[in-house]
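Subject: A structure to look through

Dear colleague,

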Amino acid sequence: WIPAHQLLLWTTRAFTDSQLNSHHSTSLEIMNGNCTLSAILDAFPSFDVVEIYDNQSAVYSLRRLACNSDSLNVHMEYRRDILQTCQHSRRIFTIWSNRTLGTLADMLSKFKIPEFLAGIAKRGFPTPHPTELARPAWYA
C-alpha cells in the first residue's frame, strides 16, 4: 500500500515442494520478505518502507540481523546486502503483527484471491494494480 500514490501493489508466488520440505516457516517468511523488500526498494527509491510480519521470530532476527539458527544465516546475509544499498538514505521499519485467520495477508498467502479482493474493497482500498509486483527469484 503506497498512500502517497493511492497504489496497492501485490505479489504472490508459491514455494516449491522442495523448499517447503527443506525450510521451516520462519526461513520461508524471511526469504519472502527479503525478496519483497528488495523489489520495493528498487521500485520506489525515495520511499521509506514499513514491512509487517506475522512471525515474531522473523522480526526479532531481521531487526538484529542475527539469529540463533544456522538455517537462517543465508537470509541474514541476503538482508545485509539489501540494507547496505540504502543504509544512509532510507528508513526501513520491521514490525510484528499478531495476525489471525481472515486478514488480508492470510487470504493472499492462502491464494484466496476473490476473498482478498473483496476484503480490499470492503476496507476502502483502491483496486490492486493489475500486474503483480516483480520480485527477485528465490535465493535459497
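Is Asn98 buried or exposed? Asn98 counts as exposed, because its relative accessibility is 59%, where exposed means over 50% relative accessible area, buried means under 20%, and partly exposed lies in between, with a 1.4 Å probe and protein chains only. Asn98 is placed in the loop between strand 2 and helix 5 (104-109), helices (H or I, at least four residues) and strands (E, at least two) being DSSP runs that are numbered from the N terminus. Between Asn98 and Lys112 there are 20 Å in space, C-alpha to C-alpha, and the two are 14 residues apart in sequence.

Before going on, please keep in mind that this is a predicted model, in which local features need pLDDT of at least 70 and side-chain atom pairs count only at pLDDT 80 or more, while totals for chains, interfaces and linings use all residues. Residues are numbered from 1 along each chain as its sequence is written, and side-chain values use heavy atoms, with hydrogens and water left out.

Salt bridges and the residues around them

The structure holds two salt bridges, each being a side-chain nitrogen of Lys or Arg within 4 Å of a carboxyl oxygen of Asp or Glu. In one of them Arg91 is joined to Asp48, and their closest N and O atoms are 2.8 Å apart. Because Arg91 lies in the loop between helix 4 (73-84) and strand 2, and Asp48 in the loop between helix 2 and strand 1 (49-53), the pair ties together parts that are 43 residues apart in sequence. Asp48 counts as partly exposed, at 36% relative accessibility.

Arg79 forms a salt bridge with Glu51, and here the closest N and O atoms are 2.1 Å apart. This pair also links distant parts of the chain, since Arg79 is in helix 4 and Glu51 is in strand 1, 28 residues apart. Arg79 counts as buried at 1% relative accessibility, and Glu51 is buried as well, with a relative accessible area of 9%.

Arg79 has a further partner in Thr94, for a polar contact of 3.3 Å joins the two side chains. A polar contact is a pair of N or O atoms within 3.5 Å; within protein, one must be able to donate a hydrogen and the other to accept it, and residues adjacent in sequence count only if both atoms are side-chain atoms. Thr94 belongs to strand 2 (residues 92-96) and counts as buried, at 10% relative accessibility. When neighbours within four places in sequence are left aside, Thr94 is in contact (heavy atoms within 4.5 Å) with residues including Glu51, Tyr53 and Arg79.

Aromatic rings

How many aromatic pairs does the structure hold? It holds three, where rings of Phe, Tyr and Trp (its six-membered ring) pair if their centres lie within 6.5 Å, and planes under 30 degrees apart count as stacked, over 60 as edge-to-face and the rest as tilted. The rings of Phe15 and Trp138 have centres 4.5 Å apart and planes at 25 degrees, so this pair is stacked. Phe15 lies in the segment before helix 1 (17-22) and Trp138 in the segment after helix 6 (113-122), so the pair ties together parts that are 123 residues apart in sequence. Phe15 is partly exposed, with a relative accessible area of 21%, whereas Trp138 counts as buried at 16% relative accessibility. Arg13 lies over the face of Trp138, at 4.5 Å from the ring centre; a charge sits over a ring if NZ of Lys or CZ of Arg is within 6 Å of the ring centre and within 35 degrees of the ring normal.

Helix 2 (residues 25-43) has 19 residues and reaches 27 Å from its first C-alpha to its last, close to the 27 Å expected at 1.5 Å a residue, the expected span being 1.5 Å times one less than the number of residues. Helix 2 is mostly covered, as 14 of its 19 residues are buried.

His23 is placed in the loop between helix 1 and helix 2, and a polar contact of 2.9 Å joins its side chain to that of Ser27. Leu65 lies in the loop between helix 3 (56-64) and helix 4; its phi is near 55 degrees, a positive value in a residue other than glycine.

With best wishes
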